Amino acid sequence: MNLASMWESVADHLGDTVALIHGDQRRTYREFDDRASRLASAFAAHGVGPGAKVAMYLFNANEYLETSFAAMKLRAVPVNVNYRYLTDELRYLIENSDAEVLVYHGALADRVAAVRAELPRLKLLVQVVTDPADDVPLLPGAFGYEALVAAATPAPRIERTADERVFLYTGGTTGLPKGVMWSHGQLFKQFAQGYMAIGGETPTTVEGVGQTAKQMRDMGVSGPQMAAAPLMHGMAWFTSMSRLMTGGTVVSLTNRSFDAHELWQLVQEHGITMCVIVGDAFARPMVRALEEAEARGKAYDLSSLMVMVSGGVMWTAPFKKAFLDRGVGMLMDGLGSSEATGIGMMIHTPGTDPTTAKFMLNPGTRVVTEDGRDVVPGSGEIGLLAVTGALPDGYYKDEAKSAATFKDIGGVRYAIPGDWARIEADGSLTLLGRGSVCINTGGEKVFPEEVEEVVKLHPSIGDCIVVGVPDEKWGEAITAVVQAAPGARVEPAVLAAFIKDKLAAYKAPKHVVVVDKVVRSPAGKADYRWAKETAVARVGGRG
């Protein structure tokens, strides 16, 4: 069950159906397959073959998924690259991934030029133009994407296996990015959740995938999908690949910084049925845009939107309620990470009371202590999330990190990415946060996400990241780095009183640092390194 072979089968059954939409550009499944085949042929002419790494340093564009498809057609490995990376980060990731091809937008050409001479493994540079800012001279030795596609003949279809890989590089907000190695077979197991819409029966052959995609399209259960996060983020990339496997249409945002009004306009225009977000970083501006449109007397039409899916960061109850109140049919709050998807899920529908950071455990998930014991439900004890089932092969070129994350418990392989949680008496799971950013203050462990959730409830707060700074008395002093809500003014004393009314005193921030803008990744994940550096620079090591 290889993704490239499955997409070819879908293209055979849904040739004239639109697969990709980006702005005015539309690609049918037949065009998607043909363009990816031609690009694969061009790659092969430059020595790219099985196992070669193809890095994608791209903004949103149809070319993102075409390049992924082209690499997979050759049994090569597509690699996501954060388009925010500057020269040092770009050099590191290209070198660490052993990339032989770099496909990049022209607007990023200056960064590529700055590191090209230090990356001798690169065989091929391919420059993409989808915006006037991209229309810059080709770098020496580089090729234009469209010219390569136009000049090449389609690559022949070949036999492939489920063992080919996709590399998903983590954001690196708490350390250097790591390449998570997902095999096609394990990804297919994850993507097979998309078949729940037709009862959950999973095709067992490549031909069956194409037939089922046509069936789902004919039934109207595999409609247009859009991700709020950019395609280079794992949540957006993987859900888009999954939607193509089931015959849907992937719509991508055109603005290179998130514009919630654009998102809602596209929901209306294309009848989007599923929208994928990454927690409050997207939910907050999306709700604000809805309110602004309503205030103008021109509310957006959300009637097509059957499902909203979130994962990766906190999606708090007030923002869930705002979508439910406007008629979104179902909210799916998923718990997972780059190396451990499908840990838990919470589903809310209109009329239900939404919650924050509470999930029902999926089969194969446990909460275990550091010595391997299962946490007893309702005991109040905390433990580490461990999940088995569809798992990646490990981290590329990092055996130590792989051994620390993927462990054998009772003869079964589990992923333990470092998230702490407790199991309540009713069997539900309360997520506490990632241990790598846990704050040790006065001998107590405090998880930033829990504090951030409360801070962001105050009406003066637009965004917040919580970190610990060195402190003589407490070891680490909890510090909230906050951004004011539009038109609001943050008063630290008022905020402190508000927080202490909702949290144990030791969890309340001892410092509040106000910044113009809280820094997050394009996918909305907190940049804890930036927040800590900012907090230390402001408050130092005061006791």
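A pocket, as I use the word here, is an open set of grid points with protein on both sides within 12 Å along at least five of seven lines. I am working on a predicted model.

**Entry 1: the second largest pocket**

I looked up the volume of the second largest pocket. It comes to about 800 Å³. I then listed its lining, which has 36 residues. R84, F258, A281, P285 and K517 lie nearest the centre of this pocket.

Which element gives the most to the lining of the second largest pocket? I found that helix 11 does, with seven residues. Helix 11 spans 280-295. Helix 10 (260-270), strand 26 (461-471) and strand 27 (475-484) also supply at least two residues each. I sorted the lining of the second largest pocket by class and noted 18 nonpolar, nine polar and nine charged residues.

**Entry 2: the cavity**

In general, rolling a probe the size of a water molecule over the atoms shows where empty space is left. How many cavities of 30 Å³ or more does a search of the whole structure find? I noted one. The largest cavity holds about 40 Å³ of space.

I wrote down the residues that line the largest cavity: N60, Q225, M226, A227, A229, L231, S240, V250, V251 and S252. Strand 10 (224-227) and strand 11 (249-252) are the elements that give two or more residues to this lining. By class, I noted six nonpolar and four polar residues in the lining of the largest cavity.

**Entry 3: helix 1 on helix 2**

I moved to helix packing. Helix 1 covers residues 3-13 and helix 2 covers residues 29-45. The two pack at an angle of about 140 degrees, and their axes are 8 Å apart. Why do I call helix 1 and helix 2 oblique to each other? Roughly antiparallel would need an angle over 145 degrees, and this pair packs at about 140 degrees. Helix 1 and helix 2 are therefore oblique. Their crossing is left-handed.

For the contact, I found W7, E8, V10 and A11 on the helix 1 side. Y29, F32 and D33 meet them from helix 2. The residues of this contact of helix 1 with helix 2 are five nonpolar and two charged, with no polar ones.

**Entry 4: helix 2 on helix 3**

Helix 3 takes in residues 62-73. I noted that helix 2 and helix 3 pack at about 60 degrees, with axes 8 Å apart. Helix 2 and helix 3 are therefore oblique to each other. Left-handed or right-handed, how do helix 2 and helix 3 cross? I recorded a right-handed crossing.

Helix 2 brings F32, D33, R35, A36, S37, L39, A40 and F43 to the contact. Helix 3 answers with E63, L65, E66, T67, F69, A70, A71 and K73. I divided the residues of the contact of helix 2 with helix 3 into nine nonpolar, two polar and five charged.

**Entry 5: helix 1 on helix 7**

Last, I checked helix 1 against helix 7, residues 184-191. The angle is about 55 degrees and the axes are 9 Å apart. That makes helix 1 oblique to helix 7.

Here L3, A4 and M6 of helix 1 meet H184, L187, F188 and F191 of helix 7. I counted six nonpolar residues and one polar residue in the contact of helix 1 with helix 7, and no charged ones.

Definitions and conventions
Residues are numbered from 1 along each chain as its sequence is written. This is a predicted model: local features need pLDDT of at least 70, side-chain atom pairs count only at pLDDT 80 or more; totals for chains, interfaces and linings use all residues. Side-chain values use heavy atoms; hydrogens and water are left out. Axes are lines fitted to C-alpha atoms, for helices over the stretch in contact, and angles run from 0 to 180 degrees between N-to-C directions. Helices (H or I, at least four residues) and strands (E, at least two) are DSSP runs, numbered from the N terminus. Angles under 35 degrees count as roughly parallel, over 145 as roughly antiparallel, 65 to 115 as roughly perpendicular and the rest as oblique. A crossing is left-handed if the near helix is turned anticlockwise from the far one by less than a right angle, and right-handed if clockwise. Contact means heavy atoms within 4.5 Å. Ala, Val, Leu, Ile, Met, Phe, Trp, Tyr, Cys and Pro count as nonpolar, Asp, Glu, Lys and Arg as charged, and the others, Gly among them, as polar. On a 1 Å grid over the protein atoms alone, a cavity is a set of points where a 1.4 Å probe fits but cannot get out, and a pocket is an open set with protein on both sides within 12 Å along at least five of seven lines; lining residues have an atom within 4 Å of a point. Grid points are joined across faces, edges and corners, and a volume is the space filled by probe spheres set on the points.
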